[in-house]
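Visitor: Could you take me through this model, one question at a time?

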Amino acid sequence: MTRIVYVNGRYLPYGEAGVHVEDRGFQFADSIYEVCEIYGGRLVDEARHMERLERSLGELAIPMPMSRAALGQIMRQIVRRNRVATGLLYLQVSRGSAPRDFSIPAGGLKPTLVCLARGLDGDKREARANAGISVSTMPDIRWGRCDIKTVMLLPAVLAKNEAARDGSYEAWLVDAEGFVTEGASSNAWIVDKTGTLVTRPTGNAILPGVTRRTLLDLLIRENVPYSERPFHVDEARHAREAFITSASGTVMPVVAIDGAPVGNGHPGQLTLRLRSKFHQAAKLSS
Ligand code: PDD
């Protein structure tokens, strides 16, 4: 349960926390965010999340609301005050609030900063990983800068809900040529016919996932062959294994695509090995 939320300099009870009705995040999705895993009460790959946060802000010319160190202090406070051992930390920075106007006010605004943490049922997540998840494919109708982690998430919301209606846990978004871009809230991976791990290269079409990056480090360390190249939905359907990566699920096996089994229909051996080793490759905060 979330008890305490940080909003613009104050730690407030959950029920009393709020931002202005004319916040540009609310009106224009003029806002970016980060989601960081909390593992054993510690933040996972905090530095990489901070780097991505700074990059997202930079791309939109929103100033950093404070130094990285000060942000880190707030994040730690929020984990502690909410007593979260296993869960997620959410941090959002919007451009700020002003009377509604598409033009960004000259001179800039004071960014809005919100930070909260929430516990996650670790057993439920393990059970999900042991069973594996299903994904449904659908057209990627998002904008051309998916590398920026903005709160403009309506296409992802609709995709995930459509997937859920099909009995799937995640949507795999597919570009105009039939290649998988990524999941609605995760990066997509397969193990191809040669046993090589494949994931789409970073660029404007996908979010450069922190979990993705840390997993690549693990692959290098473990000498697992991999290739950053686009893969077609047809290739995914015939893959040996498939999985998704995200802060909320780390490495999560995919056992069915559009209702058809991947491999033998069970979580892949390599996928499960990488999942079990993931936190050894990640950096945990003190
Ligand atoms: N989602 N791609 C998209 C579109 C995402 O929204 C996410 C993360 C990822 C994986 O990134 P990372 O490994 O840094 O979590 C890829 C988060 C968890 C969310 O929105 O809840």
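**A helix start and a ligand site**

Guide: At the start of helix α4 (residues 122–131), a side-chain oxygen of D121 comes to within 3.1 Å of the backbone nitrogen of D123; helices here are DSSP runs of H or I with at least four residues, strands are runs of E with at least two, and both are numbered from the N terminus. The model is predicted, so local features need pLDDT of at least 70 and side-chain atom pairs pLDDT 80 or more, while totals for chains, interfaces and linings use all residues. Residues are numbered from 1 along each chain as its sequence is written, and side-chain values use heavy atoms, without hydrogens and water.

Visitor: Which residue follows α4, and what is its phi?

Guide: The residue that follows α4 is G132. Its phi is positive, near 85°.

Visitor: How far is the polar side-chain atom of R52 from an oxygen atom of the ligand?

Guide: A polar contact is a pair of N or O atoms within 3.5 Å; within protein, one must be able to donate a hydrogen and the other to accept it, and residues adjacent in sequence count only if both atoms are side-chain atoms. For R52, a polar side-chain atom and a ligand oxygen are separated by 2.8 Å.

Visitor: Which backbone lies 2.8 Å from an oxygen atom of the ligand?

Guide: A nitrogen atom of the ligand is 3.4 Å from a polar backbone atom of S185. For an oxygen atom of the ligand, the polar backbone atom at 2.8 Å belongs to V210.
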